[in-house]
Amino acid sequence: MIPWQEIDRAQVPGQKENIILQKRGQEFSIRIAGTELMNSRIHGSEDDLARLTFSCLKGKSDLRILIGGLGMGYTLSAALEQSRPETVIVVSELIPAVVRWNIEHLGHLARMPLDDPRVTVEKEDVAKIIRKQASAWDAILLDVDNGPEGLTQKANECLYSRSGLETSFLALRPGGILSIWSAKASEAFTRRLDDCGFKAKMVSVRARKSGKGSRHIIWLAQKS
Ligand SMILES: C[S@@+](CC[C@H](N)C(=O)[O-])C[C@H]1O[C@@H](n2cnc3c(N)ncnc32)[C@H](O)[C@@H]1O
């Protein structure tokens, strides 16, 4: 077996841990504190996050889309595939090194999504961007952590809390979609979304593009 080779490492802002980019043959892996955050071979559910979100926005034009975070760019690439020429996509990424790695090492994996003129990158916490403006977005796509019940970064709890969901509700245009990736299902979280004014459903998807692998969850929550 080909051994993993470390390409780069960087400090996670506000934390002690390093984030590490590794390569083995054509495969890339991003790890924090010994845990794999992303692997370039497995991105079916990351693609589905964008595909399912856009399926809820059919018939709408002049879309403004916010994606948090960038990772390896698969959700962003799948969003671009569904977008019209006038669509505006802002992708928020907390860790500047991840943006740099996409430019220097990872771009080819997802068809160079950062080169697309419809895309702007903000090296900022997505929670801060959501708070900036009411009625700003047709969709907010969140894949920043393991989901509402499996946080790797405590600071991200605010995105999944009742007040965080209410802030996202305000940031969406009427009919807008909050979509959230998660490693695990939670009926309680679906109820929390509904309590915040959304009409929410929980969809089970496969980790791999082939329709195989473990199951992941995507919540699609519409501001009705
Ligand atoms: C699992 S990866 C996202 C994978 C991505 N969907 C893809 O298709 O490759 C999670 C990303 O979110 C970033 N992140 C974590 N917390 C964030 C936050 N609060 N705001 C913005 N980005 C964040 C991480 O640095 C990481 O790049």
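1. Ground rules. Residues are numbered from 1 along each chain as its sequence is written, and side-chain values use heavy atoms, with hydrogens and water left out. As the model is predicted, local features need pLDDT of at least 70 and side-chain atom pairs count only at pLDDT 80 or more, while totals for chains, interfaces and linings use all residues.

2. Overall build. You'll find seven helices and eleven strands here (DSSP runs numbered from the N terminus: H or I of at least four residues for helices, E of at least two for strands). The radius of gyration is 17 Å, close to the 17 Å from the globule rule for 224 residues, so the protein is as compact as a globular protein of that length. That radius is taken over C-alpha atoms, and the rule is 2.2 Å times the number of residues to the power 0.38. Along the principal axes, the C-alpha atoms fill a box of roughly 50 × 35 × 35 Å.

3. Who surrounds the ligand? The shell has 22 residues, and the closest are Met-72, Thr-75, Glu-93, Asp-143 and Asn-156 (a residue is near if one of its heavy atoms lies within 4 Å). Ten of the shell residues are nonpolar, seven polar and five charged. Here Ala, Val, Leu, Ile, Met, Phe, Trp, Tyr, Cys and Pro count as nonpolar, Asp, Glu, Lys and Arg as charged, and the others, Gly among them, as polar. Strand 4 (35-39) and helix 2 (74-82) each supply at least two shell residues.

4. Polar contacts (pairs of N or O atoms within 3.5 Å). Backbone N or O atoms reach ligand oxygens from Met-72, at 2.7 Å, and from Thr-75, at 2.8 Å. Asn-156 uses a polar side-chain atom instead, 2.8 Å from a ligand nitrogen. On its own the ligand has 610 Å² of accessible area, and the protein covers 98% of it (Shrake-Rupley method, 1.4 Å probe).

5. Most residues other than glycine have a negative phi, and most peptide bonds are trans. Have a look at the bond from Gly-68 to Gly-69, though: it is cis, with omega near -5 degrees. Gly-69 is in the loop between strand 5 (64-68) and helix 2. Asp-62, not a glycine, has a positive phi of about 50 degrees; its place is the loop between helix 1 (44-55) and strand 5. Arg-111 has a positive phi too, about 60 degrees, and lies in the loop between helix 3 (96-106) and strand 7 (119-122).

Notes:
Polar contact = N/O pair within 3.5 Å; in protein donor to acceptor, adjacent residues only side chain to side chain.
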